[in-house]
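Subject: Structure handover

Hello,

Here is the structure for you to look at. Please open it alongside this note. My findings follow below.

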Amino acid sequence: MSKNLEIESKTLLDKDTYEKMRDAFTAKSDFIQKNYYFDTPDFDLKNSDASLRIRILVDHAEQTIKVKETNPKENKYSERVEINDLLSVAQAEQMAQSAYEGTFFLFGGDVGNYLQKHYSKESIHSLKLISWSQTRRILAVGPENCELTLDLTEFPDGYYDFELEIENDDPATIKKVLAELEKQFDFKANKENSNQSKVKRAWEHKK
């Protein structure tokens, strides 16, 4: 299990800006990940500003619940507490298959413990697969030696988008790096294109 505070700037980009940024920085890693998102029929998690997912990569997987930080360092960027449990790929794929088939299963580990502590038994037993996304993720070193995440994500209805994520413990560093990138690649982060979670977009683009 891991628990960490995630502070990040998330900005949706147009395809041209994404490709220019992708080509400008050397990739440290380039991989595919698939996310499966869960909630109750009444969206109990969404309504409490939480999200629950299973993520599967080539060689490992994890289950994660993200919840709102009660004492945020700032209010401009996305700030969430992440609780993660590692899963084997086989275990995660079985859970995803069960979700597709509508077969009930319980989340275990620390994610399961959090659910049991904060949600009713009825809510936990009504959790179901809401949507999914598949992302090609590129990690690169950007300005200020700060890691950049460049995502190309496809959703169930065939829609896809492009996103820049800048994660750092220091909000001032995020602000500085984002400003440098905005100037270099001629784009602007604003209310319409910033801090839109993938789970929200997956809900909007489910079949």
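Which residues does R53 touch, not counting residues up to four places away in sequence? They are N35, Y36, Y37, F38, E62, Q63, T64, K66 and E82. Contact here means heavy atoms within 4.5 Å.

Some ground rules. This is a predicted model, in which local features need pLDDT of at least 70 and side-chain atom pairs count only at pLDDT 80 or more, while totals for chains, interfaces and linings use all residues. Residues are numbered from 1 along each chain as its sequence is written, and side-chain values use heavy atoms, with hydrogens and water left out.

Back to R53. This residue is found in strand β3. Helices (H or I, at least four residues) and strands (E, at least two) are DSSP runs, numbered from the N terminus. R53 has a relative accessible area of 9%, so it is classed as buried (under 20% relative accessible area; exposed is over 50%, partly exposed in between; 1.4 Å probe, protein chains only).

The barrel

The fold includes a closed barrel of 8 strands with antiparallel pairing. Its order is β1-β5-β4-β3-β2-β6-β7-β8. From one strand to the next, the twist averages 35 degrees. Angles run from 0 to 180 degrees between N-to-C directions, with axes fitted to C-alpha atoms, for helices over the stretch in contact. Two strands pair if DSSP finds at least two bridges between them. Strands β6 (residues 128–141) and β7 (residues 147–154) run antiparallel and are joined by 8 bridges. In that pair, R136 stands opposite L152 in β7.

Helix α6 (residues 171–185) packs on the sheet and touches β1 (2–13), β7 and β8 (160–167). Its direction makes about 135 degrees with that of β8. Helix α4 (residues 109–118) lies across β3 (51–56), β4 (61–68) and β5 (78–87). It runs at about 35 degrees to β4.

D161

D161 sits in strand β8. This residue counts as buried, at 8% relative accessibility. Leaving aside neighbours within four places in sequence, D161 is in contact with L12, D151, L152, T153, F155 and R201. The C-alpha atoms of D161 and L178 are separated by 19 Å, and the two residues lie 17 apart along the chain.

The cores

A nonpolar core is a set of buried Ala, Val, Leu, Ile, Met, Phe, Trp, Tyr and Cys residues joined through side-chain atoms within 4.5 Å. The largest one has 28 residues. Y36, F38, L52, I54, I65, F107 and L115 touch the most other members. Helix α3 (89–101) gives the most to this core, with 5 residues. A second, separate core of 21 residues includes Y18, Y77, I174 and V177.

Pocket and cavity

Both come from a 1 Å grid over the protein atoms alone: a cavity is a set of points where a 1.4 Å probe fits but cannot get out, a pocket is an open set with protein on both sides within 12 Å along at least five of seven lines, and lining residues have an atom within 4 Å of a point. Grid points are joined across faces, edges and corners, and a volume is the space filled by probe spheres set on the points.

The largest pocket holds about 1,100 Å³ of space. Of its 48 lining residues, E6, E8, K10, K66 and S78 are the closest to its centre. The largest cavity has about 30 Å³. L106, F107, G112, L115, Q116 and I124 line it.

Best wishes
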